Amino acid sequence: MTNIDLLPSPGCIIIMGVSGSGKSTLGERLATVLGARFIDGDDLHPQHNIAKMSRGEALTDSDRAPWLSAIAARAQQLIEQSVSSVIVCSALKRDYRDSFRAHISNLRFVFLDGDFDLIKARMLAREGHFMQAEMLQSQFDTLERPDKSERDIISADISLPIDTLVTTVADHLSAG
Ligand SMILES: Nc1ncnc2c1ncn2[C@@H]1O[C@H](COP(=O)(O)OP(=O)(O)OP(=O)(O)O)[C@@H](O)[C@H]1O
Ligand SMILES: O=C(O)[C@H](O)[C@@H](O)[C@H](O)[C@H](O)CO
């Protein structure tokens, strides 16, 4: 299977979900499979957002606004350069996802779905990340789970081993 089968070029796939759901892990692998550019949305946060999360404070809508705009602009810029991308971004609220839909011309989402206890255990085992496990409850409180009206979103079960998850998501993307 070639990347062209999976991702009609140029396009963008946003890997969404709460902190610790495995977005970066899946995103990097998927970008390799698709032959797409990998972008970790955390790299586009204003420094004060990183500082705030590192202090254990949840972001607000206004904290997230410039970050979401930067991600949308980057994705669309790449599309205009004929470069496909896989971008990691929590995209927790429907409004955030709708804003991406309005600004990115060829977009699909992958929602990493899993339960609180599994994600918390993974965050506790993870080292060297600014986002601590104590932040997970606020992430779940903020998350507006995609519903069936969001037809451009593939949901994926994060309890699967990573190799299976990559294959499953790639197969779903390929199926259209
Ligand atoms: N399918 C999986 N099976 C087992 N462990 C996983 C799986 N996916 C991710 N992990 C592990 O879970 C932890 C969280 O994953 P990762 O850092 O990719 O999440 P994230 O959603 O990008 O987090 P954040 O938004 O906080 O940056 C990591 O230690 C990673 O190795
Ligand atoms: O939207 C948010 O509340 C946050 O920005 C986070 O989700 C982080 O970007 C990231 O996932 C942390 O590691």
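Helices (H or I, at least four residues) and strands (E, at least two) are taken from DSSP runs and numbered from the N terminus. This is a predicted model. Five strands form an open sheet with parallel pairing, and helix H4 packs on that sheet.

**Sheet**

- The strand order in the open sheet is S2-S3-S1-S4-S5.
- Strand S2 (37–40) and strand S5 (153–157) are the edge strands; each has a single partner, so one side of each lacks a neighbour in the sheet.
- From one strand to the next, the twist averages 20 degrees.
- Strand S4 (residues 107–113) and S5 run parallel and are joined by five bridges.
- Asp 113 stands opposite Asp 157 of S5.
- Helix H4 (residues 61–80) touches strand S1 (12–16), S2 and strand S3 (85–88), and its direction makes about 175 degrees with that of S3.
- In general, the strands of a sheet pair through backbone hydrogen bonds, in either a parallel or an antiparallel way.

**Helix H5**

- Tyr 96, Arg 97 and Phe 100 are buried in helix H5 (residues 94–103).
- As background, an α-helix has 3.6 residues a turn, so residues three or four places apart point the same way.
- Asp 98 and Ala 102 are exposed, on the face of H5 turned away from its buried side.
- S1, H4 and S4 are among the elements that cover the buried residues of H5.

**Ligand surroundings**

**Ile 158**

- Ile 158 is in the loop between S5 and H8.
- Ile 158 counts as buried because it has 21 C-beta neighbours inside 10 Å, and the cut-off for a buried residue is 20 or more.
- Apart from neighbours within four places in sequence, the contacts of Ile 158 are Ser 21, Gly 22, Leu 112, Asp 113, Gly 114, Leu 118 and Leu 165.
- Leu 26 is 132 residues from Ile 158 in sequence, yet the two are 9.6 Å apart in space, C-alpha to C-alpha.

**Positive phi in loops**

- Most residues other than glycine have a negative phi.
- Ser 82, in the loop between H4 and S3, has a positive phi near 65 degrees.
- Ser 82 counts as exposed because it has 8 C-beta neighbours inside 10 Å, where the cut-off for an exposed residue is 12 or fewer.
- Ala 91, in the loop between S3 and H5, also has a positive phi, near 45 degrees.
- Ala 91 counts as buried, with 27 C-beta neighbours inside 10 Å.

How values were computed
Residues numbered from 1 in each chain as written. Chains lettered and ligands numbered in written order. Predicted model: local features only at pLDDT ≥ 70, side-chain atom pairs only at ≥ 80, totals over all residues. Pairing = 2+ DSSP bridges. Axes fitted to C-alpha atoms, helices over the stretch in contact; angles between N-to-C directions. Contact = placed C-beta atoms within 7 Å.
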